[in-house]
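Take a look at the protein below. We start at one residue and then step back to the whole chain.

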Amino acid sequence: MVHPASLDADRRWLLEAIELSRLCPPSSSAFSVGAVVAARDRPLATGYSRERDPADHAEEVALAKVADSGLEEFLVGATLYSSLEPCAARASRPVPCVDLIIASGIQRVVIAWREPPIFVPGGGAVVLRKAGVQVQVIPELAAAARAVNAHLLPG
Ligand SMILES: [Zn+2]
């Protein structure tokens, strides 16, 4: 067990996002995801799947809260941490999270787990990178992000 204080900021915020994913109302047709938007080691907002509405995605909730708080000016230097790769296609609403992230001005995204093509095709990281957003994967934390969704995964 690594002491939290010895973890770098990216891992700490990503672990926080994974913890948030445990708060999601259960679903048999969508992943449970947590997201944190942080700027200079300070959280701007958090979100998790289905937090305010059954169609909510974590990243979308967090970005909406940043706007609600009038903190959009900090987004350009902020990082979005998500337990799962942001969606490039979605069944629930017309605008996928990658488009919301690109429009927000956020330039860096850190994720634990690449979206498996179970509900939609995935591929959000590629779309983000093409738009100039830096995407970093911390694969050591993928198992923790997957575990919250074990009931949705084959095998
Ligand atoms: Zn999404």
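Begin with the contacts of Ser49. Setting aside neighbours within four places in sequence, Ser49 is in contact with Cys24, Pro25, Phe31, Ser32, Val33, Asp56, His57 and Ala58. Contact means heavy atoms within 4.5 Å. Ser49 sits in the loop between β2 (42-48) and α2 (58-68). Is this residue, Ser49, buried or exposed? Ser49 is buried, with a relative accessible area of 3%. Buried means under 20% relative accessible area, exposed over 50%, and partly exposed in between, with a 1.4 Å probe and protein chains only. One partner deserves a second look. A polar atom of the Ser49 side chain lies 3.3 Å from the backbone oxygen of Phe31.

A word on the model. It is predicted: local features need pLDDT of at least 70, side-chain atom pairs count only at pLDDT 80 or more, and totals for chains, interfaces and linings use all residues. Residues are numbered from 1 along each chain as its sequence is written, and side-chain values use heavy atoms, leaving out hydrogens and water.

Now step back. The protein has 5 helices and 5 strands. Helices (H or I, at least four residues) and strands (E, at least two) are DSSP runs, numbered from the N terminus. Along the sequence, their pattern is α-β-β-α-β-α-β-α-β-α.

How does the chain pack? Buried residues make up 50% of the 155 residues. Among contacts between residues at least 6 apart in sequence, 70% join residues at least 24 apart. The C-alpha atoms fill a box of roughly 40 × 40 × 30 Å, taken along the principal axes.

Conventions:
A polar contact is a pair of N or O atoms within 3.5 Å; within protein, one must be able to donate a hydrogen and the other to accept it, and residues adjacent in sequence count only if both atoms are side-chain atoms.
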